[in-house]
Amino acid sequence: NAGVTQTPKFRILKIGQSMTLQCAQDMNHNYMYWYRQDPGMGLKLIYYSVGAGITDKGEVPNGYNVSRSTTEDFPLRLELAAPSQTSVYFCASSPAGGHSRPQHFGDGTRLSIL
Amino acid sequence: KNEVEQSPQNLTAQEGEFITINCSYSVGISALHWLQQHPGGGIVSLFMLSSGKKKHGRLIATINIQEKHSSLHITASHPRDSAVYICAVSRETSGSRLTFGEGTQLTVNP
């Protein structure tokens with residue numbers, strides 16, 4: 001069972017570069033989420049999606065973009081990387097009716113902006 | 001003040017001890033989640049509950065909706081229980097989105 005797969009696991013970017021963090025799930029979940037986790041802080045929601053073609057902002061969306069063209073994939077785009085975006089990024093998914101269903105997490109992407 | 005507060009932030013125990021981690025929240029919720037983050041970074045869901053008590057192996061989660069408080073208990077703790085334990089809530093007004101506590105770092109020594 002693959003579950004939620006995130007790539008890459010690690011990445012170092014220079015300030016101003018762009019990149020896409022990939023997230024794919026094979027559980028046919030409607031809901032998908034992107035979080036960032038900073039040291040000593042709780043996870044913060046960046047963007048989420050309740051189905052293909054539908055995305056919405058979370059708590060900390062600035063500097064990021066997402067798309068959801070298929071049920072399986074939910075990529076996160078950083079357009080102009082900044083040091084404040086150094087963090088660990090987690091993608092998660094849950095079935096529809098998500099407020100009453102557990103979320104399944106990927107293993108995370110550790111991103112450093114230098 | 002965070003909407004979800006956990007205590008303690010750090011906890012060190014000896015193998016075999018009974019462990020309690022607390023979570024208080026200040027908003028109306030539809031469900032409360034307990035998650036475990038392994039030393040390697042992966043996050044897994046342990047429990048989701050909206051009332052009462054749930055048990056899985058040596059782990060027990062309880063919630064008191066009136067007091068806006070939940071506890072995670074680990075019986076007969078073992079070094080493999082060493083991890084960060086995270087409390088999160090699904091707010092009544094936020095659908096499936098979760099609001100997270102900062103986590104409790106648990107270390108169980110042999």
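A salt bridge is a side-chain nitrogen of Lys or Arg within 4 Å of a carboxyl oxygen of Asp or Glu. In this predicted model, Asp38(A) and Arg36(A) form such a pair, and their closest N and O atoms lie 3.0 Å apart. The pair qualifies because 3.0 Å falls within the 4 Å limit. Arg36(A) has a relative accessible area of 11%, so this residue is buried.

Over all chains, a search of the whole structure finds four salt bridges. Another of them lies in chain A, where Glu79(A) pairs with Arg77(A) and the closest N and O atoms are 3.2 Å apart. Both partners are partly exposed: the relative accessible area is 37% for Glu79(A) and 31% for Arg77(A).

Arg58(B) is partly exposed, with a relative accessible area of 26%, while Asp81(B) is buried, with a value of 7%. Asp81(B) receives the term buried because its 7% is under the 20% limit.

The description now turns to the contact between the chains. Chain B and chain A each contribute 19 residues to this contact. Together they bury about 1600 Å², and 61% of that area is on carbon and sulfur atoms. On the side of chain B, Ile43(B), Ser96(B) and Phe100(B) supply 35% of the area that the chain buries against chain A, more than any other three residues. The count of salt bridges between chain B and chain A is zero.

The largest pocket has a volume of about 650 Å³. Its lining comprises 31 residues, of which Gln37(A), Val88(A), Arg110(A), Gln37(B) and Gly41(B) are the closest to the centre. The elements that give two or more residues to this lining are β9 (87-94) and β11 (109-113) of chain A, together with β9 and β11 (104-109) of chain B. By residue type, the lining of the largest pocket divides into nine nonpolar, 17 polar and five charged residues.

Several features of the backbone remain to be described. In chain A, the peptide bond from Thr7(A) to Pro8(A) is cis, with omega near -5°. Pro8(A) is placed in the loop between β1 (4-7) and β2 (10-13) of that chain. In chain B, the peptide bond from Ser7(B) to Pro8(B) is cis, with omega near -5°, and Pro8(B) is found in the loop between β1 (4-7) and β2 (10-14) of chain B.

Asn28(A) has a phi of about 60° and is found in the loop between β3 (19-25) and β4 (31-37) of chain A. With 59% relative accessibility, Asn28(A) counts as exposed, because the term applies over 50%. Ala76(B) has a positive phi of about 50° and lies in the loop between β8 and β9 of chain B. Ala76(B) is partly exposed, with a relative accessible area of 47%.

Terms used: Residues are numbered from 1 along each chain as its sequence is written. Chains are lettered from A and ligands numbered from 1 in the order in which they are written. This is a predicted model: local features need pLDDT of at least 70, side-chain atom pairs count only at pLDDT 80 or more; totals for chains, interfaces and linings use all residues. Side-chain values use heavy atoms; hydrogens and water are left out. Buried means under 20% relative accessible area, exposed over 50%, partly exposed in between (1.4 Å probe, protein chains only). On a 1 Å grid over the protein atoms alone, a cavity is a set of points where a 1.4 Å probe fits but cannot get out, and a pocket is an open set with protein on both sides within 12 Å along at least five of seven lines; lining residues have an atom within 4 Å of a point. Grid points are joined across faces, edges and corners, and a volume is the space filled by probe spheres set on the points. Helices (H or I, at least four residues) and strands (E, at least two) are DSSP runs, numbered from the N terminus. Ala, Val, Leu, Ile, Met, Phe, Trp, Tyr, Cys and Pro count as nonpolar, Asp, Glu, Lys and Arg as charged, and the others, Gly among them, as polar. Contact means heavy atoms within 4.5 Å. Buried area is the accessible area (1.4 Å probe) that two parts lose on being put together, summed over both.
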